[in-house]
Amino acid sequence: MKKRTLRFHPCGNYKERYDDELTIFESDFGRFWALVGLIILFAVVPYVVSPYLLYVINMIGIAAIAAIGLNILIGYTGQISLGHGAFFGVGAYAAAILATTVNAPFLLAVPAAGIITALVGMIFGIPSGRLKGLYLTIATLAGQFIIEYILIHWESLTKGTMGITLPTADIVGFPISGDKSFFFVIFIALCLMTWIAINLVRTKFGRAFIAIRDNDRAAEGMGIPIFRYKLLSFGISSFYAGFAGAIWAFYMISVTAEPFNLTLSVEYIAMVIIGGLGNIAGSIYGAVFITALTEVLRWLTDYLMNSGAFATSGFNLNLAPLREFVFGLAIVVFILFEPRGLAEIWRIVRSSFRLWPFSY
Amino acid sequence: MENNILLQINNISVVYSDVIQVLKGVSLAVEKNHIVSLLGSNGAGKTTTLKAVSGLLKPENGKVTDGSIIYKGRNIQNQYPEFITRQGIIHVLEGRQPFKYLTVEENLKVGTATRWLKPHKDDLEMVYHYFPALVKRRKALAGYCSGGELQMIVMGRALMAHPELLLLDEPSLGLAPLVVKEIFEIIVKINEEQATTIILVEQNAGMALQIAHYGYVMENGKIVMEGSAADLVKNPDIKEFYLGVGVAGDLRSYRDVKSYRRRKRWL
Amino acid sequence: MDFFVQLLINGISVGFLYGLSAMGFVMIFKSSSVLNFAHGELLAMGAFLFLALVTWAQLPILPAFLITLAGCFVLGFVVERLFLRPLIGEPLIFVIMLTVGLASMFKGILLLIFGGNLNTYPDFLPSFLGIQRGMINIPPVYTATLIIGLTFLAVFGLFFKYSSQGIYMRSVADNQKAALSLGVHVKLVFALSWAIAALVAGMSGIVLGIINGINVHDLSAIGLKVFPVVILGGLDSIGGAIIGGIIIGLLETFTGGYLSPSLRDVVPYIVLVFILLVKPYGLFGLKEIERV
């Protein structure tokens with residue numbers, strides 16, 4: 001085996017082969033910090049934070065999985081989906097139905113839910129894939145409404161507005177319930193899905209997606225079957241949504257159709273844009289940002305309402321509209337001023353630290 | 001002589017997307033009421049030169065990075081096309097870009113966009129006078145017109161703006177020889193009757209030099225030769241490369257031209 | 001039979017409204033190929049501006065109506081100027097997601113100001129507009145809708161066909177580069193198409209508000225129903241939008257009347273998927289004129 005030396009900050013471009021360009025970590029420095037981060041995440045975080053904060057962190061983890069999926073579609077393949085929230089719901093319901101009717105164990109139900117969602121997603125991908133332009137966006141919009149309708153009205157399967165209650169999840173006999181054990185499940189899943197996504201975009205599939213995004217006509221000319229790859233990308237993205245939805249269902253214990261509306265879909269789009277299009281790590285930042293933003297707004301509205309500032313005026317400050325407004329504003333501001341999102345900001349900050357004080 | 005110059009391009013460089021340099025110091029001067037033709041092979045930078053003048057580089061992410069373009073004593077480089085067209089410079093794009101879903105007459109009416117009050121009645125008459133073939137097609141959708149008619153539409157459209165300087169980009173592209181002849185006759189007529197100065201970019205060097213007063217030859221983003229049209233026609237190199245006639249007067253095959261070209265370089 | 005006729009009339013009126021709402025959408029798409037996901041919010045903006053003028057400012061109907069239209073026009077202009085102008089030349093995907101963001105922003109603002117409840121306008125339509133014949137009842141608002149709608153159609157039809165600004169707008173939609181080379185103010189055209197679209201949207205918002213009451217969620221949902229309508233009619237055809245709207249409206253009311261009320265709101269989207277499968281350019285959409 002070839003002896004390799006540790007690389008820290010190369011002061012130039014020493015890449016000699018294409019493989020070097022494709023590495024995930026540019027230096028062993030980055031690899032080291034990633035490892036430290038993971039150790040802190042798993043060994044420290046669940047034991048020190050408060051239960052409520054742990055719940056929020058868990059929600060971030062679930063949202064991040066779904067957002068990574070959406071980023072593969074929007075950021076890498078250049079297709080917008082407005083049905084991601086509904087696909088998330090399909091995953092949740094699929095897991096719930098599998099767990100209650102055929103007693104599928106957690107480890108089986110979650111990936112199975114992901115696959116079911118991918119299939120459902122591809123059904124909506126078919127009419128759009130043949131066409132150029134933004135027809136997928138419109139088809140997924142239709143998907144969002146049709147799925148919402150089915151979730152509520154197919155009562156024999158989904159129990160309608162009653163919702164489904166899931167049994168306690170267990171992994172080979174060990175029951176997992178409570179925030180702490182779900183923390184490990186969610187974040188191990190997140191690490192796995194991130195690893196898959198990062199490696200996926202380095203393969204021929206990822207390159208095909210990027211080619212389609214940048215110029216579909218040229219991609220077709222180079223022999224990439226666009227329709228198949230678009231559909232594949234859409235399937236993968238739906239799989240991620242379903243996977244996240246399934247974990248969410250087990251975590252929340254009961255599932256109803258209300259949360260999976262268009263607002264949720266827009267929320268995921270916001271995560272992907274704010275995090276950074278075409279950047280897997282960015283989706284995680286986006287999920288953190290949006291979830292944290294929601295919490296800050298929740299705290300803010302509670303504080304304002306309780307402080308009595310509006311009590312006399314009869315003005316009722318609600319969280320939902322404020323959240324809606326701030327999300328919209330965040331999307332608009334990021335697109336106008338930093339279209340590459342938090343990931344780009346993070347890169348700039350990092351490199352300015354690294355290069356300080358000689359930035360040229 | 002000096003006052004007679006309408007457009008002066010001084011040593012301009014044009015860069016697309018901040019990296020691709022297309023023009024590397026092009027200078028040319030256009031006298032009033034002249035037809036100046038710009039010759040050169042594909043990719044020499046003729047169209048880019050025209051776009052630099054008309055301001056259409058902007059939407060393509062191109063920029064004049066060096067030098068100046070002076071039109072009637074004013075700097076116009078890197079201005080918006082909305083401004084430049086209102087100074088009287090109209091660019092007729094390469095490859096005939098009609099408004100396909102507008103009728104012929106509506107296409108012509110778009111040409112009045114640069115002027116405030118739009119008395120298009122007389123102008124329409126004027127255009128139909130130059131292009132009588134358009135009269136019976138006036139209600140047809142431009143998308144269904146033939147190539148020759150389209151060339152007439154786009155030139156007529158430009159005339160509606162009463163340009164002082166008309167930039168014509170390859171009007172003969174893909175047209176039958178007879179139609180080309182007709183179009184060139186009309187170009188001369190416009191030049192004479194409307195006192196319009198014309199910059200003509202052409203592949204068809206023989207035709208272009210017949211009607212032009214002055215000519216420039218471009219290669220690789222540079223002007224490599226200039227002279228009055230009459231001189232250029234006699235130049236052996238021009239004959240060789242653009243007119244396809246050998247020094248001895250016999251037609252030579254394309255392969256010979258190429259090998260010759262490899263031996264001898266401009267400048 | 002009477003039930004059938006009544007449904008037919010309702011369907012046509014509702015559909016006509018959808019068509020009107022879709023008109024503004026098509027206008028934006030034609031001039032700048034942007035799918036405007038904030039269209040429902042533009043409808044809602046118009047409806048609520050009118051509500052505020054009529055109930056809070058106590059203005060008479062006609063001035064309130066005119067001020068609303070002017071306000072929407074300005075709003076469209078400003079939205080284009082502030083949010084879309086900086087994105088000219090950026091990939092379309094950003095522009096579309098920007099409209100998604102704008103939608104959410106506008107919705108938030110309206111909800112913060114007016115809340116999520118159902119509001120209604122005071123009754124102001126003269127009753128002679130209503131038609132009562134046997135069991136068939138055409139409320140005045142439908143007649144008014146038809147009159148306003150046809151007037152707008154005629155005005156804009158003439159505007160696009162004959163006015164020079166209308167011709168410039170069509171020329172930009174057709175071939176932006178050529179329009180630019182002739183000195184057409186392309187940016188002005190973009191701003192104008194947003195302004196006109198917002199104006200038409202505001203007007204449809206008011207009429208929708210008269211019929212269904214004014215509610216942010218309902219109006220923004222109608223903004224999304226524009227998509228089945230325009231896909232059916234063909235994305236770039238204004239006439240197609242009207243006809244597509246009427247078809248969708250009829251489908252909706254008949255499904256609601258004969259099948260199930262809850263299916264009503266989903267039917268357009270089922271049709272949408274079906275249309276995408278069999279006739280992706282819609283009924284009247286232009287395929288490229290291929291020669292040239």
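**Notes on chains B and C**

1. In the contact between the two chains, 26 residues of chain B meet 19 residues of chain C, where a contact requires that the C-beta atoms of two residues, placed from the backbone, lie within 7 Å. This is a predicted model, in which local features need pLDDT of at least 70 and side-chain atom pairs count only at pLDDT 80 or more, while totals for chains, interfaces and linings use all residues. Residues are numbered from 1 along each chain as its sequence is written, and chains are lettered from A and ligands numbered from 1 in the order in which they are written.

2. On the side of chain B that touches chain C, the elements giving two or more residues are α2 (81-86), β6 (89-92) and α3 (104-110) of chain B, and α2(B) supplies the largest share, with 4 residues. Helices here are DSSP runs of H or I with at least four residues, strands are runs of E with at least two, and both are numbered from the N terminus.

3. Chain C has 11 helices and 2 strands, which follow one another along the sequence as α-α-α-α-β-β-α-α-α-α-α-α-α.

4. Among the contacts in chain C with a separation of 6 or more, 74% are between residues 24 or more positions apart.

5. The C-alpha atoms of chain C fill a box of roughly 60 × 50 × 35 Å, taken along the principal axes.
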